[in-house]
Amino acid sequence: MISFATVVERAFTGPICTERDFELGIFVPNLRKVVEKYSIKYDPQHPVPADDDLADRVWAAAMEFLLETGVYCLDTERRILFTQEEIEGALETGPRGHVFGEGKDAKAMPRRFPEDKTPPWCSVGPTSSPVSSELYYVNLVKAHAENPLGDSITIPCLTHVDGQQIVGGSPLGVEGAIRAVLLTREGMRRAGRPGMPIVNGVTTATRAQEHIAAHHFGIRQTDALEIGTVHEMKIDFDSMNKVAYSLAAGSLIFAENGVILGGLAGGPAGVAVVIAAYNPVDLLLLRGAVQHPFPTHFDLGVTSTRDSIWARSLANQAVTRNSTLPVVNVGYSAAGPMTKMLLYEHSAWVIGSVVSGGSVEVGASARGTALDYTSPMDPLFGSEVAHAVAGMSRKEANGIVNALLEKYEDKLRDPPIGQKYQECYNVVSGKPNQEFIELYREVRREMVAQFGLPFKFTVLIPGGEFYS
Amino acid sequence: MSDESIYERLGATIIAGDKDKLLQAVEDALREGVTPSDIIEKGMSPGMKEVGERFTRYEIYLPEMMMAAEAWEYAMKFLEPKLLEAGTERKKVGRVVLGTVKGDVHSIGKTIVGAMLKMSGFEVFDLGVDVAASAFVTKAEEVEANIIAASALMSTTIPQQKSIIEHLEARGVRSKYCVLVGGGSTNQEWADSIGADGYGRTAGDATALALKAVSKG
């Protein structure tokens, strides 16, 4: 694989063009051309498609699109272009089976295929959702770390330090990022899982200097910094600086691609192609150990819509059949904690992802943006579902996802917000209230009765209550 | 060619986002004796309205919106001198200074809002991303804007929206502008807490708020 230094050099020497010309003169026409050439068509009746030929056409379209389009560097206003040999070289020699975490919590990230029985990697946590208090922060991390199916943690975003609102790029941002890492380490220690890997380091950080500062206060080489491209097929020096630092520090990278459904990539067919095209970009430019896509609906702000699930499922199949870089899907759902709808939403996108070869990061509730609307119960449910459907056929999964979508898709615009963490949990003991436990049990029973979901474990709800 | 078919052609080229074909349609319409004002009001504007409606129905997406808006602006550069000659300068619905706040490089949501505002007849001054609070204010003063619209995606960048309001207050011009905020980490509660005049969760919300603001004067 070509070196990162070579990629950086191309950011300074690649063809010059304006951002507007890249968007409307290069990106959009190139994408439209390959979507038509390879007959990529959205099928709303099959949110989880089961067509290997279609998946491979998406991959072929994506490689052609990437070759002709490249990645736009916002700071130099130049395109970073890759040759076919470089793309193929990256796919052939990219990372495989990286171990995340330390001690008894260390585990290799699996490469999975569509309909694979290999258990998916489950990252659990608030997925960067904003949290207002350090007490909530530590208790949330502890409860997520107690999830027996959680392989890694995705930490929340701290919004205040010492009563002051954190402003990215300021000293408050540096302190907030450092404190977030220290609080996370303490929460995991309290859960007895000090080696559990953090995979969204460092969510409270905005700028590279904040990532770097926080790294020195508890991010390890077996954790991952989360570094993203800019919508769509763009990069800036701040993100490239994070990559440069991670490479020097020897840390792993979760390469994040938040494609906007309805944005420059257009509809679901374009989104599927762009997600697949990001896979070699994540290797060559972001130097990722994992591809971390989340196609988010432009209007609803979630990844649980029918078209988003289709695009993600199809892209997963395209990628996992053709690349060794593992995929961990992250989801943003509309409903808030302690609602049935949230559990349906998480289940739908998790099922689509897992049977299509992905692993999962569960997950954000209330669009991941409402202050304190997060709970450890929802990712627990999502990870139970993820393990239950490993090995399920895409056809069967499609039927379940269709039925789940019918339960919630008409409510996505005005979803139930549910309860804040401090309302559905006892924040001192860190335990969920009884009503929440009953709701969890009820939906779990429903998933068994309606869909025959084979839950595989007797799970300990954080707070100490067993059930099966 | 009948007036109806001339207007249909103008609308269709706007919807297609083809600026060269639109300009050709405009020139042909002028040769047929259609006034610049009718070209805009009866041909191009209905086309723009249709684009906006298709977008809200998820039938088209951002690229089609951007191309339609570009085609509109391209044709208007040609038509505006002719409107002036005819003494019928077209009144804008209002002027909006738009941008993503300092420290934040997320542009898609802001760009969608900009395109929808243009569809609704606003003159939009898009400052791009990572925009300093003072730059919003300076531009608003320069172009005599009605509205300042600031986008922020992250919970660590939304404080910059508050900073814009503080800069307006420091310059003593807060009451001149309607300040709208939006973006993933914002909500009505946040907008209220910083003294913004409105919060738009979606581009459609932002446009409705902007129209309401200018209708109040």
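This is a predicted model: local features need pLDDT of at least 70, side-chain atom pairs count only at pLDDT 80 or more; totals for chains, interfaces and linings use all residues.
**View 1. The contact between chain B and chain A.**
Let us start where the two chains meet. Chain A contributes 34 residues to the contact and chain B contributes 28 residues. About 2600 Å² is buried between chain B and chain A, and carbon and sulfur atoms account for 57% of that area. On the chain B side, the residues that lose the most area to chain A are Tyr58(B), Tyr61(B) and Thr156(B), which together make up 23% of what that side buries.

**View 2. Charged and polar pairs across the contact.**
Staying with the two chains, this view turns to their side chains and pairings. Between chain B and chain A there are three salt bridges. One of the residue pairs to look for is Arg20(A) with Glu70(B), a salt bridge whose closest N and O atoms are 2.6 Å apart. The count of residue pairs in polar contact between chain B and chain A is ten, with both residues at pLDDT 80 or more. Helix H4 (62-85), helix H5 (108-119) and helix H7 (159-170) of chain B are the elements that each give two or more residues to the side touching chain A. H4(B) supplies the largest share of that side, with six residues. By residue type, the side of chain B that touches chain A holds 14 nonpolar, ten polar and four charged residues.

**View 3. The open five-stranded sheet of chain B.**
Here is a sheet to trace strand by strand. Five strands of chain B, in the order S2-S1-S3-S4-S5, form an open sheet with parallel pairing. Strand S2 (122-126) and strand S5 (198-200) of chain B are the edge strands, each with a single partner strand, so one side of each has no neighbour in the sheet. On average, neighbouring strands of this sheet are turned by 25° against each other, direction ignored. Within the sheet, strand S1 (residues 94-100) and strand S3 (residues 147-151) of chain B pair in the parallel sense over five bridges.

**View 4. Helices lying on the chain B sheet.**
Helix H6 (residues 133-143) of chain B lies across S1, S2 and S3 of chain B and runs at about 160° to S1(B). Helix H9 (residues 203-216) of chain B also packs on the sheet, where it touches S1, S2, S3, strand S4 (178-182) and S5 of chain B. The direction of H9(B) makes about 150° with that of S5(B).

We now move to chain A. Three strands in the order S11-S13-S15 (chain A) make an open sheet with parallel pairing. Strand S11 (224-228) and strand S15 (290-293) of chain A stand at the edges with a single partner strand each, so one side of each is left without a neighbour in the sheet. S11(A) pairs with strand S13 (residues 252-257) of chain A in the parallel sense over five bridges. Gly228(A) has Glu256(A) in S13(A) as its bridge partner. Helix H8 (residues 237-249) of chain A lies across S11 and S13 of chain A, at about 155° to S11(A).

**View 5. A salt bridge between distant parts of chain A.**
Over all chains, a search of the whole structure finds 46 salt bridges. The one shown here joins the side chains of Asp151(A) and Lys107(A), at 2.7 Å from N to O. This pair links distant parts of the chain, 44 residues apart. Asp151(A) sits in the loop between helix H5 (134-145) and strand S7 (152-153) of chain A, whereas Lys107(A) belongs to strand S4 (residues 107-108) of chain A.

Most peptide bonds are trans, and most residues other than glycine have a negative phi. Gly201(A) and Val202(A) are joined by a cis peptide bond, with omega about -10°. Val202(A) is placed in the loop between helix H6 (171-190) and helix H7 (208-215) of chain A. Another cis bond runs from His231(A) to Glu232(A), with omega near -25°. Glu232(A) lies in the loop between S11 and strand S12 (234-235) of chain A. Glu115(A), a residue other than glycine, has a positive phi near 65°. The loop between S4 and strand S5 (122-124) of chain A holds Glu115(A).

How values were computed: Residues are numbered from 1 along each chain as its sequence is written. Chains are lettered from A and ligands numbered from 1 in the order in which they are written. Side-chain values use heavy atoms; hydrogens and water are left out. Contact means heavy atoms within 4.5 Å. Buried area is the accessible area (1.4 Å probe) that two parts lose on being put together, summed over both. A salt bridge is a side-chain nitrogen of Lys or Arg within 4 Å of a carboxyl oxygen of Asp or Glu. A polar contact is a pair of N or O atoms within 3.5 Å; within protein, one must be able to donate a hydrogen and the other to accept it, and residues adjacent in sequence count only if both atoms are side-chain atoms. Helices (H or I, at least four residues) and strands (E, at least two) are DSSP runs, numbered from the N terminus. Ala, Val, Leu, Ile, Met, Phe, Trp, Tyr, Cys and Pro count as nonpolar, Asp, Glu, Lys and Arg as charged, and the others, Gly among them, as polar. Two strands pair if DSSP finds at least two bridges between them. Axes are lines fitted to C-alpha atoms, for helices over the stretch in contact, and angles run from 0 to 180 degrees between N-to-C directions.
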